[in-house]
Amino acid sequence: MAAVLKSTGFQDAVDYKVVSVTAVSTTGTQTNITNSSGTLYSVIIDSANSSVNVSVHIIDSKDTTNTQISFKGKTSAIKTFQLTTGYAFDELSFWVSANSGEDDTTSFAGNVDVTFVSEIQEPTRYAQ
């Protein structure tokens, strides 16, 4: 019997979505970045191209416009944050600013890449 090799895309094999937003250089809000509800488990802040510390402000934009979680990135570094129990959301949104104070929108120098890993809820995915 000959072996059969099958391959599948990451998105077809697991219910996780990786969203990477690159070259963020303003404090504008990125809205509903996963296009579905789910649970956030990891945030990676790559501020290698920023000459100042930055903060990523995360919100569930279906519920509020106020900062619900804030993570601090270091100047010219990459930091990874794990949320072991996760952060449930309906519409995952975020913005980057220079400070971590609630709802801060202070401009920052350079640009930042932010990556999110979340489990997504797509009830129609397995419907037949």
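Two strands count as paired if DSSP finds at least two bridges between them. Strands (E, at least two residues) and helices (H or I, at least four) are DSSP runs, numbered from the N terminus.

The structure is a predicted model, in which local features need pLDDT of at least 70 and side-chain atom pairs count only at pLDDT 80 or more, while totals for chains, interfaces and linings use all residues. Residues are numbered from 1 along each chain as its sequence is written, and side-chain values use heavy atoms, with hydrogens and water left out.

**Overall make-up**

Of its 128 residues, 36% are buried, where buried means under 20% relative accessible area, exposed over 50%, and partly exposed in between (1.4 Å probe, protein chains only). The chain exposes about 7,300 Å², and carbon and sulfur atoms supply 48% of that area. Accessible areas come from the Shrake-Rupley method with a 1.4 Å probe; for residues, only the protein chains shown count as cover. Among contacts with a separation of 6 or more, 78% link residues 24 or more positions apart; a contact means heavy atoms within 4.5 Å.

**The three-stranded sheet**

Three strands form an open, antiparallel sheet in the order E4-E3-E6. Its edge strands are E4 and E6 (92-97), each pairing on one side only. From one strand to the next the twist averages 20°, based on axes that are lines fitted to C-alpha atoms (for helices over the stretch in contact), with angles from 0 to 180 degrees between N-to-C directions.

In a regular strand the side chains alternate between the two faces of the sheet. Strand E4 (residues 69-73) has a covered face made of Ile69, Phe71 and Gly73, and an uncovered one made of Ser70 and Lys72.

**The four-stranded sheet**

The other open sheet has four strands in the order E1-E7-E2-E5, again with antiparallel pairing. Strand E1 (16-24) and strand E5 (78-89) stand at the edges with a single partner strand each, so one side of each has no neighbour in the sheet. Here the twist averages 15° from one strand to the next.

| Strand pair | Sense | Bridges | Example of bridge partners |
|---|---|---|---|
| E1 and E7 (residues 112-120) | antiparallel | seven | serine 20 and threonine 115 |
| E3 and E4 | antiparallel | five | valine 54 and glycine 73 |
| E3 and E6 | antiparallel | six | histidine 57 and tryptophan 95 |

**Threonine 85**

Threonine 85 lies in strand E5. Its relative accessibility is 74%, so threonine 85 counts as exposed. Leaving aside neighbours within four places in sequence, threonine 85 is in contact with Thr39 and Tyr41. Leucine 40 is 45 residues away from threonine 85 in sequence, and their C-alpha atoms are 9.0 Å apart.

**Confidence**

The predictor's confidence in each residue is given as pLDDT, from 0 to 100. The chain averages 87, and 84% of the residues score at least 70. Where pLDDT is low, the predicted coordinates should not be read in detail.
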